[in-house]
Amino acid sequence: MPQQNTMPKPPPARYVKPPVSARRKRLIAVNIGCAVTIPFLAIILVTTLGITLIAALPVLIFGFAVIPFFFKINEDTGSCRIPLLISRVIGIGLLAVTLLAPPVCLGFSRTPLLYPVKRLVYAKGVKSYQNIGAFCEHRCLLPEKLPAVHEDYWFLTDQALHGPDGPYPDACLVFHTDTETLKQYAAKLEASREIKRQRYELTEDDLNNLDYFTDEQDRLAFKYRRLFNIPEEITGRMLRNSGITDDLSDADYYVPADKTNLGSGVLINYETGLFLAWD
């Protein structure tokens, strides 16, 4: 009778997971970091919702499809290095535009150099205008560019994150310039069939009510509202934030011809060189 082998069988070899490369570790860390910051970025990005919606799809396509696709091929075969670099540059550029839009919209109110960018961010991110158009066309009363000579520049733009009755209006532009430039702006406004010149007069009751104001800013704000029907939000911002306290009794007032609300307007005061626009 053959003798049985009583020697114990060796345990099956355990699967040893290959070490993770340093490159993949960095990629995992970046992915985790991105996932953690997504909720916070979402809150910020809705401030310029129009731009966010436009850029969201391209950013997602490059971030979750194009870049990982070329990365996998490059890691496995060592090829597609140039397409990987190009896709990363495009993806980072799209993401940068999306992330920089909110701070541009909410800040830089006294940086004239950024006016064209801030105007574009406001038009596409806050208002979502299909076509911002030229100055005084398509209801846009914000000039396409600032005059070469200007002072006291102040451009405030609100964010898009608010209720249905939220900030109204959403933008206010103030600066002083020379008379010739103001006349050029006025000529464009008066030549447009979409813009009309309007004027209000102070009534006897208004004149009596002016005597009740002890604070000069409150008195001017009331006078501006009665003379030009300017929204209260605009008079408050103009007086408190921009420091403009011009006597606007002789200013020219322009509004969209098809608008009965207080959504947009332009004031031009030749005596002090003031240009004031809100939208």
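Trainee: What makes the set around Leu142, Leu173, Leu189, Val266, Ile268 and Phe275 a nonpolar core?

Mentor: A nonpolar core is a set of buried Ala, Val, Leu, Ile, Met, Phe, Trp, Tyr and Cys residues joined through side-chain atoms within 4.5 Å, where buried means under 20% relative accessible area with a 1.4 Å probe and protein chains only. The largest such set in this model has 32 residues, and the six you name have the most contacts inside it. The model is predicted, so local features need pLDDT of at least 70 and side-chain atom pairs count only at pLDDT 80 or more, while totals for chains, interfaces and linings use all residues. Residues are numbered from 1 along each chain as its sequence is written, and side-chain values use heavy atoms, with hydrogens and water left out.

Trainee: Which element gives the most to this core?

Mentor: That is α4, with five residues; helices are DSSP runs of H or I with at least four residues, strands are runs of E with at least two, and both are numbered from the N terminus.

Trainee: Why are β1 and β3 said to stand at the edges?

Mentor: Two strands pair if DSSP finds at least two bridges between them, and the open sheet runs β1-β2-β6-β5-β4-β3 with antiparallel pairing. β1 and β3 each have a single partner strand, so one side of each is left without a neighbour in the sheet.

Trainee: What makes β1 and β2 a pair?

Mentor: They share five bridges in the antiparallel sense, against the at least two required.

Conventions:
Buried means under 20% relative accessible area, exposed over 50%, partly exposed in between (1.4 Å probe, protein chains only).
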